[in-house]
Amino acid sequence: MEHDEKIRQVQAYYRALIRAWGPQHWWPAQSRFEVIVGAYLTQNTAWTNVERALANLRAARLLSMNGIRRASLEELERSIRPAGYFRQKAKRLKMFVAFLDQHYGGSLAKLFSQPTDKLRDKLLNLHGIGPETADSILLYAGNHPVFVVDAYTRRILDRHGLLSEEAAYDEIRELFERALTPIAKAAGSDKEEKYALAAGIRGAAHPPSAMSTAKRTAVAQVYNEMHGLIVGVGKNYCRKSQARCDECPLQKFLPRSTTEGLES
């Protein structure tokens, strides 16, 4: 498939999903720091486990920079245990706060005022932060225009014949950014059709939160929505096993050979 056709395909996915499900209110959080903590905790675990760990931190009054700063490592480990790999993640949260204190005076505003590429490189140099975590922090906490690529994205692209599941992270990110940026620029114009909420399941939608309803640039908002919509497809339909293609809003875009293979 030619690159321009892949771009048009991704654009069609976005329009189909946003019309079917509407806003996903992702990332669900009350503050930018909570987004960052969640980005660390969600590594190698389900979001339901992250929610339990966040609830523990909130109950112990540790869900803040001061809370992470003053908590003992043991106390932090106990609180985030439901998220798994709790010893590693506790150390990494401590390291992030130390990094923020040392280089930005503990200020997230100063951190996120940095140019996107420069800040992304700095985040990637921190122990325990890979591209997905870095981009989640940049997009959802910092309002930087970077698309987040996750395992669901890879699986959907592979099954739809756009890119291999083993494709480079930045190749996938570049495809989505090239596809979605024109949609963001056209947002609010007559060129973009309105969507209606479908009854029943709505992807990975969450109740509105302070961060999910925060003011964003048009590009960051579309990237935000597309990632949330993809999470909905992956969780509910494009599962690793027992894919539910017939019920998926993206079913009409799926190659026939792939559908037959998943159903056999």
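Here are legends for a few close-ups of this predicted model.

**Close-up 1. Phe96 and the largest nonpolar core.** This core counts 84 residues, and the two that touch the most other members are Leu41 and Phe96. Zoom in on Phe96 and, once residues up to four places away in sequence are set aside, you'll find it touching Phe33, Ile36 and Tyr40, plus Leu111, Leu123 and Leu126.

**Close-up 2. Val10, tucked into helix H1.** Val10 sits in helix H1. Its relative accessible area comes out at 0%, and anything under 20% counts as buried, so Val10 is buried. Skip the neighbours within four places in sequence, and the contacts of Val10 are Leu162, Leu175, Phe176, Ala179 and Met226. Leu157 is worth a look too: Val10 and Leu157 are 147 residues apart along the chain, yet their C-alpha atoms are 9.1 Å apart in space.

**Close-up 3. Helix H11 against helix H12.** Here H11 (residues 169-186) and H12 (residues 218-236) bring their axes within 9 Å, crossing at roughly 120 degrees. That angle is why the pair is called oblique. The crossing of H11 past H12 is right-handed.

**Close-up 4. Who meets whom between H11 and H12.** On the H11 side are Phe176, Glu177, Leu180, Thr181, Ile183 and Ala184; they meet Ala218, Val219, Val222, Tyr223, Met226 and Ile230 of H12. Sorted by class, this contact has 10 nonpolar residues, 1 polar and 1 charged.

Key
Residues numbered from 1 in each chain as written. Predicted model: local features only at pLDDT ≥ 70, side-chain atom pairs only at ≥ 80, totals over all residues. Heavy atoms only, no water. Core = buried A, V, L, I, M, F, W, Y, C linked by side-chain atoms within 4.5 Å. Buried < 20%, exposed > 50% of the residue type's maximum accessible area, 1.4 Å probe, protein only. Contact = heavy atoms within 4.5 Å. Axes fitted to C-alpha atoms, helices over the stretch in contact; angles between N-to-C directions. Helix = DSSP H or I, 4+ residues; strand = E, 2+ residues; numbered from the N terminus. Parallel < 35°, antiparallel > 145°, perpendicular 65-115°, else oblique. Left-handed = near helix turned anticlockwise from the far one by under 90°. Nonpolar A, V, L, I, M, F, W, Y, C, P; charged D, E, K, R; others polar.
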